[in-house]
Amino acid sequence: MTQTTEALTARQEPAGRRRIHRAWFVAAVTFVTIVGAAAFRSLPGLLIDPLHQEFGWSRGTIGAAVSLNLALYGLTAPFAAALMDRFGIRRVVAVALTIIALGSGLTVWMTAAWQLWLCWGLLVGLGSGSMALAFAATVTNRWFTERRGLVSGILTAGSASGQLIFLPLLSWMLERNGDWRPSAVTVSLAALAVVPFVWLLLRDHPADVGLKPYGAGEFVPKPPPVTGAARRALTVLFKAVRTGPFWLLAGTFAICGASTNGLIQTHFVPAAHDHGMPVTAAASLLAVIGVFDVVGTIASGWFTDRFEPRRLLAVYYALRGVSLLFLPMLMAPSVHPPMLFFIVFYGLDWVATVPPTLALCREQYGEDSAIVFGWVLASHQVGAAAVAWLGGLARDVFGTYDMVWYASGALCAAAALMALVIRRQPRAVALAPA
């Protein structure tokens with residue numbers, strides 16, 4: 001295999017002159033990419049009321065489109081991880097961002113519910129699935145052998161950072177213009193703006209620039225492209241489903257998605273608005289969740305490098321469940337200290353579950369862990385999709401979201417128990433040939 005000029009130059013450069021390993025620059029580009037792509041995830045919760053008022057669509061109908069988006073976000077992830085093995089990270093991510101931009105941009109011309117399902121549900125769902133956490137897992141596995149927990153925490157926090165940046169902006173645009181379309185165009189442009197950074201700065205493997213993975217003792221050659229991406233993704237799935245830890249990881253992560261993306265991200269703003277809180281104030285609270293999510297997720301990555309991930313997961317789910325049980329009594333027309341306490345507490349726990357879940361996938365499934373995590377993430381999004389739809393349906397039927405908060409709190413308690421019974425795996429075993 002012929003070395004590129006860049007790789008040769010990197011090999012010849014004296015070690016003492018390279019103070020910062022290239023892996024950290026790749027992680028930085030990945031972080032910025034995830035931040036830019038997070039714009040599309042900030043919008044659905046803000047669109048429920050505007051679309052309901054303009055088109056007369058029920059919240060259940062709009063929630064169904066969000067459910068399709070969330071389900072495809074998860075179901076696409078394992079195939080995207082396999083496609084990255086076949087075609088490279090840069091190509092897959094650049095195409096995914098373009099699809100996101102196309103789907104979001106086309107929504108400004110929609111007039112029927114099926115067009116919402118097609119643009120926001122299908123196109124944005126497929127594009128976002130390729131930008132899912134399996135992307136972060138692939139970058140972490142290829143470029144790092146040390147500090148994986150910390151890096152996975154930082155990359156996971158990228159989605160929260162994007163939410164922090166875009167939620168206040170998008171909600172302000174909605175209230176200022178009285179129209180949701182400028183917000184959709186902003187999402188489209190944000191996705192397109194990241195494409196040049198991905199293409200010019202991201203690299204698929206340390207061997208592309210003649211380097212060892214960060215923390216590795218020896219040079220690791222770049223593996224040849226893996227053909228049959230769909231077949232490999234399905235083969236890994238069929239073998240993983242025969243193991244107990246897979247079902248426990250998938251079950252806990254489904255509850256994670258149900259209690260975050262499907263519940264709070266989709267329904268918190270309309271639920272707060274039901275109690276008289278302005279949309280901008282409710283969206284700002286979600287943005288504050290994003291602030292503390294960054295802190296909590298990075299801290300969780302640091303903890304995962306040092307403590308037993310099963311116990312961390314149990315603690316995270318138990319605390320999340322308790323907080324959700326108190327949420328109905330905290331809803332009010334204005335922001336008050338107890339609600340701020342909930343926002344901070346919940347934000348620290350938002351996706352703190354990702355680093356220990358990634359660590360358990362690596363422990364159990366070795367070199368196939370990125371694809372296995374893609375399937376585990378699929379369960380996360382199926383759980384999110386179910387609650388995005390059921391939450392809207394419950395609001396239509398009962399006139400309140402209270403039942404949804406209580407049910408999600410009980411599910412989190414079940415997830416804490418499931419995490420504790422995941423067996424230790426002393427030696428990771430690959431599930432499918434590379």
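**Exercise 1. Find which helix supplies the largest share of the lining of the second largest pocket.**

Solution. Start with what counts as a pocket: on a 1 Å grid over the protein atoms alone, it is an open set of points where a 1.4 Å probe fits, with protein on both sides within 12 Å along at least five of seven lines, and lining residues have an atom within 4 Å of a point. Helices here are DSSP runs (H or I, at least four residues), numbered from the N terminus. Next, list the helices that each supply at least two lining residues: α4 (44-55), α9 (148-177) and α13 (261-274). The largest share, 6 residues, comes from α4.

Before moving on, a word on the model. It is a predicted one, in which local features need pLDDT of at least 70 and side-chain atom pairs count only at pLDDT 80 or more, while totals for chains, interfaces and linings use all residues. Residues are numbered from 1 along each chain as its sequence is written, and side-chain values use heavy atoms, with hydrogens and water left out.

**Exercise 2. Describe the space in the second largest pocket and the residues that line it.**

Solution. First, the volume, taken as the space filled by probe spheres set on grid points joined across faces, edges and corners, is about 240 Å³. Second, 14 residues form the lining, and Leu46, Asp49, Pro50, Gln53 and Leu174 lie nearest the centre.

**Exercise 3. Check the reach of α10 and α6 against the span expected at 1.5 Å a residue.**

Solution. The expected span is 1.5 Å times one less than the number of residues. Helix α10 (residues 181-201) has 21 residues and reaches 32 Å from first C-alpha to last, close to the expected 30 Å. Helix α6 (residues 89-106), with 18 residues, reaches 26 Å, close to the expected 26 Å. Now look for buried residues (under 20% relative accessible area, with a 1.4 Å probe and protein chains only; exposed is over 50%, partly exposed in between). In α10 they include Ser183, Val187 and Val194, and in α6 they include Ile89, Val93 and Leu97.

**Exercise 4. Decide whether Gly290, Arg362 and Thr145 are buried or partly exposed.**

Solution. Take them one at a time.

- Gly290 sits in helix α14 (residues 279-304) and is buried, because its relative accessible area is 0%. Its C-alpha is 9.3 Å from that of Val344, 54 residues apart along the chain.
- Arg362 belongs to helix α17 (residues 354-365) and is buried too, at 15%. The C-alpha atoms of Arg362 and Asn141 are separated by 8.9 Å.
- Thr145 lies in the loop between α8 (133-143) and α9, and counts as partly exposed at 38%. The C-alpha atoms of Thr145 and Ala216 are separated by 5.8 Å.
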